[in-house]
Amino acid sequence: MALRFIAKDPNSRDGQCPSAWVDEQSGELIIQGWKADEEMLGECLKAGTIPDNEAVVRLPARMVPVIREACDVSEAL
């Protein structure tokens with residue numbers, strides 16, 4: 001696995017998260033974000049179950065350009 005770091009949220013405290021990477025072999029996006037609270041999780045569960053090996057994370061809207069860049073990198077691989 002070779003992860004290409006895209007960016008961290010410039011407004012995050014101590015530069016910790018949210019963050020985005022692209023797996024250069026598979027083209028998959030790797031996202032670090034805030035864990036969904038119970039209310040958000042409940043809303044997401046209305047669409048179906050969430051397997052134990054999956055998680056719901058939140059990203060601020062200001063991360064949209066970072067996600068776009070990650071998508072562009074993934075598509076270019």
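Contact here means heavy atoms within 4.5 Å. Keep that in mind for what follows.

First, the ground rules. This is a predicted model, with local features needing pLDDT of at least 70, side-chain atom pairs counting only at pLDDT 80 or more, and totals for chains, interfaces and linings using all residues. Residues are numbered from 1 along each chain as its sequence is written, and side-chain values use heavy atoms, with hydrogens and water left out.

Now the overview. The protein has 2 helices and 5 strands. These are DSSP runs numbered from the N terminus: helices are H or I with at least four residues, strands are E with at least two. Along the sequence the pattern reads β-β-β-β-α-β-α. The C-alpha atoms fill a box of roughly 35 × 30 × 20 Å, taken along the principal axes. Of the 77 residues, 25% are buried. Buried means under 20% relative accessible area, exposed means over 50%, and partly exposed lies in between, using a 1.4 Å probe and protein chains only.

Next, the sheet. Three strands form an open sheet, in the order β1-β2-β3, with antiparallel pairing. Strands β1 (3-8) and β3 (29-32) are at the edges with a single partner strand each, so one side of each has no neighbour in the sheet. From one strand to the next, the twist averages 20 degrees. Pairing requires at least two DSSP bridges between two strands. β2 and β3 have 4 bridges, in the antiparallel sense. Ser-19 sits opposite Gln-32 in β3. Helix α2 (residues 64-76) packs on this sheet and touches β1, β2 and β3. Its direction makes about 160 degrees with that of β1. Axes are lines fitted to C-alpha atoms, for helices over the stretch in contact, and angles run from 0 to 180 degrees between N-to-C directions.

Two residues to look at. Ile-6 is in strand β1. Is Ile-6 buried or exposed? Ile-6 is buried, at a relative accessible area of 11%. Leaving out residues up to four places away in sequence, Ile-6 touches Ala-20, Trp-21, Val-22, Val-66, Glu-69, Ala-70 and Val-73.

Then Asp-23, in strand β2 (residues 19-23). Asp-23 is buried, yet has no salt bridge. A salt bridge needs a side-chain nitrogen of Lys or Arg within 4 Å of a carboxyl oxygen of Asp or Glu. Which side chain of opposite charge is nearest to Asp-23? That is Arg-4, 9.9 Å away. Lys and Arg count as positive, Asp and Glu as negative; His and the chain ends are not counted. Again leaving out residues up to four places away in sequence, Asp-23 touches Met-1, Ala-2, Leu-3, Glu-28, Ile-30 and Leu-77.
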